Amino acid sequence: MDVVVRRATESDIPQVVGFTRDTFTWGDYVPRVINKWVKDGTAYVALINEEVIGVVNLVLLPTGVAWLEGIRVKATYRRRGVGTALTNYVLNLARVKGARYAMLMIAEWNNASHGLARKLGFKPILNVHGGVVKESPVHRETDRERMRKLIDGALNKTGGYFCSAVDHWVCTRADVNYVLSVTRDVYIGEKGLGFDRGFSVGQPTTPIRMEMLTTEYGDFEEYFGRFIVYELALY
Ligand SMILES: CC(C)(COP(=O)(O)OP(=O)(O)OC[C@H]1O[C@@H](n2cnc3c(N)ncnc32)[C@H](O)[C@@H]1OP(=O)(O)O)[C@@H](O)C(=O)NCCC(=O)NCCS
């Protein structure tokens, strides 16, 4: 079975939407974002005999991390190496483009995906909870120097990783300067430290109801579950 992987084009979109509409019991977010991914030139597709049977999105972050998301293989073509071929293709591309690490996130229950990531050498590095969180009482910190100290403490707790749930869910290796560059406000709460990018180190901490990734479980209005963040060194 010859699998071809290449960058996705506009004409691939209907087929991608066709096989991703019902990926999970709740549906899938890929049909909503595939147009943007193709326009951004970040989506890649797998084909067999010119039929589109797989998709993945590759985002090269300014931190030297290649973020892999939205991998899907058409149900009738699973367990034949298509997911492996798609991932290897984008890992090579990321390497060529100078990325130092590849990272991705998998829902705790998703055994197929954990198997694929582990087989390719990815190692779990962080557990997060995802969902819509309620507002909580916080002290809002906007002083850049005090923010720097708080961010430093937060990165010590996460082992040097930072996530965001605004626009799309993403995690990356990060240093204090990177986090400062993407953060306007830090929220100090009783049980955690929150970031306006939709990330809390500790329990959910935010002055407004929002979608968040958090390192500890807490007061979620809508809980999407626990997710494992994986990493692979590319050098
Ligand atoms: C996850 C997914 C992309 C894997 O694609 P695939 O083409 O079936 O993967 P491969 O055939 O390359 O499998 C590679 C390895 O992954 C693991 N794996 C794949 N499917 C598995 C399953 N159902 N159960 C356990 N392990 C599995 C195995 O280790 C496998 O190697 P092996 O076949 O030699 O044992 C596919 O199952 C899928 O589209 N799932 C629905 C969408 C999804 O969950 N996406 C990931 C969200 S993070």
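By class, the shell around the ligand consists of 6 nonpolar, 8 polar and 5 charged residues. Please bear in mind that this is a predicted model. Of the 19 residues around the ligand, those that come nearest are Arg78, Gly83, Thr84, Ala112 and Gly115.

Which element gives the largest share of this shell? That element is helix 4, with 6 residues.

Let us turn to the loop between strand 4 (65-73) and helix 3 (82-96), where threonine 76 is found. Is threonine 76 buried or exposed? Threonine 76 is exposed, because 8 other C-beta atoms lie within 10 Å, and a residue counts as exposed at 12 or fewer. Between threonine 76 and glycine 115 there are 18 Å in space, C-alpha to C-alpha, and the two are 39 residues apart in sequence.

I now come to the interior. In soluble globular proteins, nonpolar side chains tend to be buried together. Here, the largest nonpolar core has 62 residues, and Tyr44, Leu68, Val90, Cys171 and Val229 have the most contacts inside it.

Leaving aside neighbours within four places in sequence, valine 229 is in contact with Met103, Met105, Ile125, Leu126, Val128, Tyr161 and Cys171. Thank you for your attention.

Conventions
Residues are numbered from 1 along each chain as its sequence is written. This is a predicted model: local features need pLDDT of at least 70, side-chain atom pairs count only at pLDDT 80 or more; totals for chains, interfaces and linings use all residues. Helices (H or I, at least four residues) and strands (E, at least two) are DSSP runs, numbered from the N terminus. A residue is buried if 20 or more other C-beta atoms lie within 10 Å of its own, exposed if 12 or fewer, and partly exposed in between; C-beta atoms are placed from the backbone. A nonpolar core is a set of buried Ala, Val, Leu, Ile, Met, Phe, Trp, Tyr and Cys residues joined through C-beta atoms within 7 Å. Two residues are in contact if their C-beta atoms, placed from the backbone, lie within 7 Å. A residue is near a molecule or strand if its C-beta atom, placed from the backbone, lies within 6 Å of it. Ala, Val, Leu, Ile, Met, Phe, Trp, Tyr, Cys and Pro count as nonpolar, Asp, Glu, Lys and Arg as charged, and the others, Gly among them, as polar.
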